[in-house]
Structures are given as C-alpha cells and as structure tokens.
Amino acid sequence: MTKRALITGITGQDGSYLAEFLLDAGYEVIGMVRRSSTVTFERIAHLQDRIATVHGDLLDQASLIELLRTYEPDEVYNLAAQSFVQTSFGQPVLTGDVTALGVTRILDAIRIVNPAIRFYQASSSEMFGKVVEVPQSETTPFYPRSPYGVAKVYGHWITVNYRESYDLFACSGILFNHESPRRGLEFVTRKISNAVAKIKLGRAEELRLGNLDAKRDWGFAGDYVRAMWKMLQQDSPDDYVVSTGETHSVREFCEVAFGHVGLDWEQYVVVDEAFFRPAEVDLLVGDSSKALTELDWSPEVDFEQLVTMMVDADMDLLSGRLDAIG
Ligand code: NAP
Ligand code: F7E
C-alpha cells in the first residue's frame with residue numbers, strides 16, 4: 001500500500017530534498033505551507049505536479065489537527081522552524097513559539113488524531129552549543145548558545161517525552177549542519193558560494209563575513225534526508241546523531257570556494273563585526289556511529305565535493321545556465 005507522508009517546512013532546503021526522496025520511494029507527499037503574500041515555492045517548483053501543498057502553520061494548533069484528520073498521513077516529518085540562529089537573537093519569542101512550542105502543537109495533534117502516526121523531529125547540533133565533549137554523540141549533554149538552540153532543546157525533549165508518555169513512534173534526528181545549492185542565502189556556506197560566483201562574474205567586489213574561526217561539521221542535505229526516513233522505518237523509535245565526523249572552519253570553506261574558481265579568498269573577504277553573534281558556537285563535530293550501525297547510514301558527499309557543488313551551482317545560476325535551484 002502507498003504510504004503517505006506529511007512534511008512541514010516543505011518549502012525549505014530539507015523539505016525539498018525529503019519530498020524528492022519520498023516520491024522516489026513511492027510515497028504520496030503532502031506538504032504543509034504557511035500563507036504568504038508572495039510565493040515561496042522556488043525549491044519545490046519542479047515537484048508541483050507530484051505533491052499536494054496544503055495550508056497550515058505551526059503557530060496554529062487547529063490547522064494541524066485538521067490536516068491530520070483530512071490527509072491521514074502514516075508519517076509526519078516536522079522540518080518547519082525559524083531556523084536561522086542570528087535571527088533567533090532578534091526574535092527570541094517568535095523562535096520559541098515556532099521552533100519549540102510548534103513541536104508540542106504537532107505532537108499533541110498526533111496524540112489526539114492518530115497516535116499510530118510515525119513522527120520525525122528535526123533536532124540540531126546547535127543543542128550542543130558550547131560543547132562539553134568532542135565529538136558530540138547522542139549521550140553528549142546539551143549546552144545551547146542561542147534562543148534557537150534553546151528552542152531546539154525543548155523540541156528534542158518534548159519529542160522524547162511524548163514517546164515515553166504516550167508511546168508515540170517519535171524520533172529526534174540530531175542533525176549537524178547540512179548544506180546544498182538550495183541553502184538559504186543568509187547561511188554562511190551559501191553566502192560564500194553565492195559571493196564567489198558574483199565576484200568571479202564581476203558583479204561584486206567583496207564578501208563581508210563574521211567569525212572566520214567557527215568550525216562546523218558540514219554535510220550534504222541530500223544525504224541527510226535519507227537518515228530521516230531510515231529513522232522512521234526502524235522497529236522502535238530512537239534518537240540519532242547525523243554528521244560527517246569532519247570539522248572545518250569558515251576560513252577553510254572560503255579557501256576551497258574561492259580557490260575552486262581560481263581566486264585568493266584573502267583578497268575579497270572582509271571581517272565585519274555586524275555578523276558576529278552575542279554568543280557563538282565555536283566547534284561542532286559529530287559522532288554518527290549509532291546511525292551507521294543501526295540505520296546503515298553514512299554520508300556520500302565529502303567537504304570538498306560539497307563546497308565545489310555549491311560554487312558550481314551558483315556559477316550556473318548567476319550566469320543564466322540554470323533557471324532555478326530546484
Ligand atoms: P529552512 O530552509 O529555513 O526551512 C524552514 C521551513 O520552515 C520553511 O519551509 C518555512 O516556510 C517553514 N516555516 C517557518 N515557520 C513556520 C511556521 N510558523 N509554520 C509552518 N512552517 C514554517 O530550514 P532547513 O535548513 O530546511 O532545515 C529544516 C529543519 O531542520 C529546521 O527545523 C531546522 O531548524 C532543522 N535543522 C537544520 C539543519 C541544517 O543544517 N540545515 C541542521 C539541523 C537542524 P517558509 O518557506 O514559508 O519560510
Ligand atoms: O553559521 C559563522 C557563524 O548561519 C555557521 C542552521 O541550519 O546549522 C545552521 O546554524 C557559522 C557560525 O549556521 C558569517 O557565526 C561567520 O559560527 O551558516 P550559519 P549555524 O548557525 O551553524 C545548525 C545545525 C542549525 O540547526 C541551524 O538551523 O558561520 N559565520 N560569518 C557566519 N554565519 C552567517 N550566517 N553569516 C556570516 O556572515
């Protein structure tokens with residue numbers, strides 16, 4: 001029988017890759033989108049005739065209950081969030097409402113409508129924040145460093161709590177940074193790949209960045225959505241770290257990205273205090289051996305391939321060889 005999945009946040013980076021993956025696996029895909037005065041479907045435009053988009057909002061409990069009643073999904077992937085760390089410092093209450101309480105709203109909707117629905121929560125390595133051990137695994141204590149990280153800790157624990165209280169099949173995927181040509185332009189990797197293309201094509205002269213020393217475990221989003229799905233196919237629900245196990249600094253990302261088009265990053269990158277954060281996460285590197293052992297998951301794209309893929313895609317996009325990033 002065809003399985004039906006509901007994806008919240010389908011218009012985001014991960015939502016678009018997950019939708020592609022599930023369609024290829026034979027799923028019927030329902031994507032929850034929030035009302036907007038402008039169209040936000042750029043990443044899923046190429047899937048429009050294969051998915052159903054339906055209106056709902058993580059801020060509105062009734063809309064979630066109604067969606068579950070109407071569409072009767074077998075699996076729910078909760079990818080929706082206010083996901084930009086810098087914005088969470090300026091809008092901490094909104095971030096808490098969507099990224100933290102939004103998880104309770106959807107879990108409670110599942111409990112009320114159909115507790116047999118399998119649930120995936122998009123948790124984050126930002127929960128480790130000021131890391132207390134290296135590398136970080138499922139047993140590493142959390143020490144979030146932003147309202148976003150704090151909200152994700154809440155989302156993680158409410159997922160565990162609904163699993164333990166109501167026997168829901170609820171999994172928390174603790175995913176480290178994952179990127180792609182579809183990454184939002186405000187995140188540092190895409191900001192860099194996009195600027196590299198603009199500079200190479202003569203449309204920009206410099207790139208202003210914040211902390212170049214921050215280190216992240218960067219993987220490819222297309223690899224990471226496979227892990228989300230695998231979690232919901234197990235015999236019992238659990239939590240998993242998903243990462244590459246390698247860490248690189250923002251500076252190294254610049255070196256590889258500019259170097260790929262024959263430019264020296266030091267001639268173009270300007271450090272700008274405006275992009276520093278009130279509290280920083282200095283170093284993240286994950287230990288995903290549990291995902292390897294139990295889910296048979298490992299990443300296929302390495303750091304260099306990821307950076308060059310993003311630069312090539314932005315070169316194609318900006319030089320008109322590609323119409324869209326989807
Ligand atoms: P993203 O590109 O920022 O997408 C976020 C999605 O959430 C968008 O579809 C957005 O809709 C939607 N959304 C925001 N507020 C909403 C609301 N109130 N109701 C319904 N939908 C709402 O994020 P992403 O990179 O794909 O990440 C997916 C999830 O994984 C997020 O929860 C993120 O926090 C988490 N995560 C991401 C990473 C990563 O490295 N990418 C790592 C760990 C965890 P609009 O298009 O209308 O704005
Ligand atoms: O920053 C530094 C910045 O905004 C990475 C989200 O998907 O991954 C993401 O959160 C690092 C930070 O991602 C700039 O200070 C320097 O140390 O790309 P980012 P993030 O904060 O790691 C986690 C796992 C999530 O869950 C989140 O949803 O880069 N950095 N200069 C900069 N960052 C930005 N954005 N812009 C700069 O100019």
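This is a predicted model: local features need pLDDT of at least 70, side-chain atom pairs count only at pLDDT 80 or more; totals for chains, interfaces and linings use all residues.
Buried means under 20% relative accessible area, exposed over 50%, and partly exposed anything in between, with a 1.4 Å probe and protein chains only. Keep that in mind and select Cys 254: at 0% relative accessibility, this residue counts as buried. Now pick Cys 171, which is buried too, also at a relative accessible area of 0%.

Residues are numbered from 1 along each chain as its sequence is written, chains are lettered from A and ligands numbered from 1 in the order in which they are written, and side-chain values use heavy atoms, with hydrogens and water left out.

Next, colour by domain. The bounds come from an automatic or database domain assignment, which gives domain 1 (4–179 + 219–242) and domain 2 (188–216 + 247–283 + 302–325). Their centres, taken over C-alpha atoms, are 27 Å apart.

For polar contacts here, look for pairs of N or O atoms within 3.5 Å. An N or O atom in the Tyr 148 side chain sits 2.6 Å from an oxygen atom of ligand 1. Lys 152 brings a polar side-chain atom to 2.9 Å from a ligand 1 oxygen, while Ala 81 uses a backbone N or O atom, at 3.2 Å. Alone, ligand 1 exposes 910 Å², and the protein buries 89% of that (Shrake-Rupley method, 1.4 Å probe).

Last stop: ligand 2. Its shell has 22 residues, the closest being Ser 83, Ser 124, Tyr 148, Arg 277 and Glu 280. At least three residues come from each of domain 1 and domain 2. Zoom in on Arg 277, where a polar side-chain atom lies 2.6 Å from an oxygen atom of ligand 2. Arg 216 does likewise at 2.8 Å, and the side chain of Asn 177 has an N or O atom 2.8 Å from a ligand 2 oxygen. Of the 690 Å² of accessible area that ligand 2 has on its own, the protein covers 96%.

How values were computed. A residue is near a molecule or strand if one of its heavy atoms lies within 4 Å of it. A polar contact is a pair of N or O atoms within 3.5 Å; within protein, one must be able to donate a hydrogen and the other to accept it, and residues adjacent in sequence count only if both atoms are side-chain atoms.
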